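Here are my notes on the model, as numbered points. Please read them with the structure open.

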Amino acid sequence: MNWLINLGAGTLAKLSAIGNASLMLWGALVAFPRFKNIPLIIHQIYIVGVQSLLIIIVSGLFIGMVMALQGYTILVNYGAEGSLGPMVALSLLRELGPVVTALLFAGRAGSALTAEIGLMKATEQLSSLEMMAVDPLRRVIAPRFWAGVISMPLLAIIFSAIGILGGHLVGVDWLGVDAGSYWSIMQATVDWDKDVVNGIIKSLVFALVVVWIALYKGYAAIPTSEGISKATTETVVFSSLTILGLDFVLTALMFGIN
Amino acid sequence: MTSKKTELMVGIFVALAIAATLLLALQVANKGMSGSGETYTVHAKFDNIGGLKPRSSVKVGGVVIGRVSDIYLDEQELIPVVVMEISDEYAETFPETSSVSILTAGLLGEQYIGLTPGFIFPGEEPIYLGDKDGETKFIVDTKSALVLEDLIGQFLFGKDSD
């Protein structure tokens, strides 16, 4: 009997969490836009986007370089090292760009958002804002949400571009693949709508999910030091799992059926 | 709230993203060449197209002049028809006696269409490739893709039949 009660309680808790998260997003976003909040969004883009730039560029460079190295050692057996360009470009644009950026973003920016908002809640800053008749959803949550949704696709594009240049660095400059074939076969294979735009759509979806989870986990955190640390951990774990699961669904929808 | 420095950094961030998009668009996906620009349509009938795909290139002596836009099966004759979009830069350049063949770049490379320009009889009004007045004209002089199995078959049994 006990496990049935636990099951019911667990289901209700999950459902009410989803409901609360939706209500939070609704309260933050569905309203007449306030243009005086734009400086707030720019400040958040600086914190969430610009400060993630270094980790994104370094990871992109090294992932592109490693893929060129691994791809070359296999492709050269078949005399097909000219196909290194499309291999690096397609895997970055379709999968690694959006997914790795989202995972890094969840670790670098998502956890910071959760901790910040959780601490605001614990120190009753959110309640004080309400006391001053300022809606914390619109003043605190909304700018962070938009900043994340704007920043992540930009970061993913930068990641892919740097990765392709990193692949060029190792493949062409170091291992001696012909530069002409690296670019020209890539150009013949990569399609703007199918590969580049789909990758951007993917990273937009990941951005929505990651920022939403991060903000909700902070907003619903138990206002103790232990609660905030738990919320931060959950943000990273849940975001990463959701990204990987959603990536499979999106890939199946975009590339699975031709 | 937002200082000048913050705004500057966000500006650099967005500029970097725009530069990356341009790199992807122009250098990686090559959108500048295939997406824009006026083209005209040329149809050709083949016996076998091998591994030719839409977006394969059409070349004259190695110079890309257009791309394959569509491949379909002729419903009466049951042979493949390849539709090519050729850049308007080359409008009224190739006479209708031109021939096309499906070639392979390297041993394992992509398949593409090679166009060999035909000749114009001196003193005659030249007729050029392309559809005119909505009437679809087909290039008849085509050479199909090389199929390895056929080639081996010819090699093994061709000598006896001679």
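1. Leaving aside neighbours within four places in sequence, A:Val210 is in contact with A:Ala102, A:Phe105, A:Ala106, A:Gly110, A:Gly148, A:Ser239 and A:Ile243. Contact here means that the C-beta atoms of two residues, placed from the backbone, lie within 7 Å. The model is a predicted one: local features need pLDDT of at least 70, side-chain atom pairs count only at pLDDT 80 or more, and totals for chains, interfaces and linings use all residues. Residues are numbered from 1 along each chain as its sequence is written, while chains are lettered from A and ligands numbered from 1 in the order in which they are written.

2. A:Val210 belongs to the largest nonpolar core, which has 75 residues; A:Val210, A:Ala89, A:Ile157, A:Ile158 and A:Leu215 are the members that touch the most others. A nonpolar core is a set of buried Ala, Val, Leu, Ile, Met, Phe, Trp, Tyr and Cys residues joined through C-beta atoms within 7 Å. A residue is buried if 20 or more other C-beta atoms lie within 10 Å of its own, exposed if 12 or fewer, and partly exposed in between, with C-beta atoms placed from the backbone. Two or more residues of this core come from each of H2, helix H3 (53-75), H4, H6, H7, H8 and helix H9 (225-256) of chain A, and from helix H1 (4-28) of chain B. H6(A) gives the largest share, 19 residues. Helices (H or I, at least four residues) and strands (E, at least two) are DSSP runs, numbered from the N terminus. A second, separate core has 19 residues, including B:Ile86, B:Phe94, B:Tyr112 and B:Ile113.

3. Which residues does A:Ala142 touch, not counting those up to four places away in sequence? They are A:Ala28, A:Leu29, A:Asn37 and A:Leu137. A:Ala142 lies in helix H6 of chain A and is buried, with 24 other C-beta atoms within 10 Å. From A:Ala142 to A:Ile41 the separation is 101 residues in sequence and 8.4 Å in space, C-alpha to C-alpha.

4. H8(A) has 28 residues, which at 1.5 Å a residue should span 40 Å; the end C-alpha atoms are 39 Å apart, which agrees. The expected span is 1.5 Å times one less than the number of residues in the helix. There is a bend of about 25° at A:Asn198 in H8(A), taken as the angle between axes fitted to the seven residues ending there and the seven starting there.

5. Two loop residues in chain A deserve a look. Most residues other than glycine have a negative phi. A:Glu124, in the loop between helix H4 (84-122) and helix H5 (125-131) of chain A, has a positive phi of about 60° although it is not a glycine. A:Ala133, in the loop between H5 and H6 of chain A, also has a positive phi, near 60°. A:Glu124 is exposed, with 12 other C-beta atoms within 10 Å, and A:Ala133 is exposed with 6.

6. At the interface, 26 residues of chain A are in contact with 24 residues of chain B. On the chain A side, helix H2 (38-48), helix H6 (136-174), helix H7 (179-189) and helix H8 (192-219) each supply at least two residues. That side has 20 nonpolar, four polar and two charged residues. Here Ala, Val, Leu, Ile, Met, Phe, Trp, Tyr, Cys and Pro count as nonpolar, Asp, Glu, Lys and Arg as charged, and the others, Gly among them, as polar.

7. Chain B has three helices and eight strands, running α-α-β-β-β-β-β-β-β-β-α from the N terminus on. The eight strands form an open sheet of mixed pairing in the order E7-E1-E4-E3-E2-E6-E5-E8. Strand E7 (138-139) and strand E8 (142-143) of chain B stand at the edges with a single partner strand each, so one side of each has no neighbour in the sheet. Two strands pair if DSSP finds at least two bridges between them.

8. In chain B, strand E2 (residues 57-60) and strand E6 (residues 111-116) pair in the parallel sense over two bridges, with B:Lys59 opposite B:Gly114. Strand E5 (residues 99-104) of chain B pairs with E6(B) in the antiparallel sense over six bridges, and B:Gly114 is also the bridge partner of B:Ser101.
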